[in-house]
Amino acid sequence: MTAFVEAASPHVMNTYGRVPIALERGQGVRVWDVNGKQYLDGLGGIAVNTLGHNHPKLVPALQDQIAKLIHTSNYYHVPGQEKLAQLLTERAHMTNVFFCSTGLEANEAAIKIARKYGVDKGIEKPVIVVYDHAFHGRSIATMTATGNPKVRNGFGPLLEGFLRVAPNDIEALQEATEGNPNIVAVMMEPIQGEGGLHPMRADYLQQVRALCDANGWLLMLDEVQAGMGRTGKWFAHQWAGIVPDVMSLAKGLGSGVPVGAVLAHGAAAQVLKPGNHGSTFGGNPLAMRAGVETIRIMEEDGLLQNAADVGAHLKAELQRALGETAGVNEVRGQGLIIGMELDRPCGVLIDRAAEAGLLLSVTAERVIRLVPALTLTRAEADEIVALLTPLVQTFLSE
């Protein structure tokens with residue numbers, strides 16, 4: 001009999017509150033740990049594994065690329081960058097792309113674009129509007145833009161140049177910015193992921209777009225978590241029928257290979273010049289192949305429609321099973337980015353769900369988050385509901 005392998009990382013810096021399991025392999029929306037236990041992956045690498053695990057079309061393409069060229073540098077043209085940039089700009093109706101490796105880097109680049117946009121217009125101290133509950137990353141700049149005090153505390157002094165407002169309140173935005181000549185941009189997530197799966201209303205997005213147009217501000221949308229087909233459209237803001245000036249992407253763009261991107265449009269597309277910004281790993285041949293193949297497979301396999309259909313089914317079944325349960329405040333989200341808010345902190349459900357064979361996360365302390373692969377089937381969605389329902393009922397009865 002094989003000895004049990006304990007999950008431990010004594011030489012790794014202690015920056016994560018880890019679930020005590022170590023994953024070894026995956027297939028579709030299922031993963032297995034080093035001891036052979038199977039789990040249904042409702043977290044998808046935190047909205048990263050767009051195509052699930054070991055996808056039969058993606059793996060051979062990446063193997064082919066690894067055998068050709070993994071990395072060169074941005075001293076040279078990388079053909080895959082132009083190919084992926086064209087695919088993204090066509091789907092976003094935007095102009096050009098800067099490639100990096102993570103969502104944090106993408107948002108950092110967006111902030112730099114906004115600041116330089118302002119400085120180029122003669123504004124000495126540009127100000128970017130950000131939101132309560134927002135999460136944009138953990139660098140000094142993106143952490144400052146983030147709404148959660150727990151992310152920011154202990155790292156002061158934070159940067160100047162950010163003005164925070166409440167989401168979905170156009171009057172609050174107008175009042176906070178009225179008469180301020182230093183405003184250069186409004187930065188928001190169409191669906192606040194880490195902040196508790198709070199969506200911005202379509203009419204609010206339209207109102208902010210109009211306000212930015214009227215004032216010459218950049219509308220910058222962080223689609224790192226909600227983009228790349230997760231809501232059933234390529235980008236979550238497209239449900240509102242608008243086009244941003246700047247958009248950040250990462251997570252699902254490379255189906256697990258680190259890829260970040262900043263798309264720009266209009267005046268924002270001309271802000272950065274040679275020497276203004278860069279990335280060593282960003283846009284390397286392997287990452288670009290991953291992005292190109294992800295988009296190709298998503299379209300061949302109809303995954304945007306699948307995300308919309310299966311996501312609606314999963315949300316409806318969660319509502320049916322738990323929506324009327326005392327202690328469940330709301331089931332919300334769109335496509336395959338779904339949150340269930342409870343009336344109390346529920347972080348213990350992460351370990352309990354893993355023990356039951358389901359991977360998920362809890363964000364904003366009280367919101368169960370499900371962001372599985374876009375390949376999820378209705379039958380697998382029903383499995384998630386069947387596993388999660390008794391866990392939530394038991395927890396709320398304690």
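1. Histidine 237 is in contact (heavy atoms within 4.5 Å) with Pro190, Leu205, Leu221, Glu223, Ile242, Pro244 and Met247, leaving aside its neighbours within four places in sequence. Histidine 237 is placed in the loop between β10 (218-222) and β11 (246-249); helices (H or I, at least four residues) and strands (E, at least two) are DSSP runs, numbered from the N terminus. With a relative accessibility of 1%, histidine 237 counts as buried, where buried means under 20% relative accessible area, exposed over 50% and partly exposed in between (1.4 Å probe, protein chains only).

2. On the basis of these notes: this is a predicted model, in which local features need pLDDT of at least 70 and side-chain atom pairs count only at pLDDT 80 or more, while totals for chains, interfaces and linings use all residues. Residues are numbered from 1 along each chain as its sequence is written, and side-chain values use heavy atoms, with hydrogens and water left out.

3. Strand β14 (residues 337-342) is largely enclosed by the rest of the structure, because 6 of its 6 residues are buried. In a regular strand the side chains alternate between the two faces of the sheet. Both faces of β14 are covered: one side carries the buried residues Ile337, Gly339 and Glu341, and the other carries Ile338, Met340 and Leu342, also buried.

4. Two strands pair if DSSP finds at least two bridges between them. Strand β13 (residues 328-334) runs antiparallel to β14, joined by 6 bridges, and valine 331 stands opposite methionine 340 of β14. The hairpin of β13 and β14 has 2 residues between the strands, and in this hairpin glycine 335 takes a positive phi near 60°. β14 also pairs with strand β17 (residues 367-370), in the antiparallel sense and over 4 bridges. Isoleucine 368 in β17 is the bridge partner of methionine 340.

5. Helix α3 has 14 residues and reaches 20 Å from its first C-alpha to its last, close to the 20 Å expected at 1.5 Å a residue; the expected span is 1.5 Å times one less than the number of residues. Its buried residues are Gln81, Leu84, Ala85, Leu87, Leu88, Thr89, Arg91 and Ala92. The cover over the buried residues of α3 includes β4, β11, β12 and α9 (285-300). Just after α3, histidine 93 takes a positive phi of about 60°.

6. Which elements give two or more residues to the lining of the second largest pocket? On a 1 Å grid over the protein atoms alone, a pocket is an open set of points with protein on both sides within 12 Å along at least five of seven lines, a cavity is a set where a 1.4 Å probe fits but cannot get out, and lining residues have an atom within 4 Å of a point. The second largest pocket is lined by 30 residues, with Gln81, Val97, Phe98, Phe99 and His277 nearest its centre. The elements in question are α3 (79-92), β4 (96-100) and β12 (260-264). About 810 Å³ of space lies in this pocket, a volume being the space filled by probe spheres set on the points, which are joined across faces, edges and corners.

7. The count comes to 1 cavity of 30 Å³ or more. The largest cavity holds about 40 Å³ of space, and the residues lining it include Thr50. Threonine 50 is in the loop between α1 (44-47) and α2 (58-68) and is buried, with a relative accessible area of 1%.
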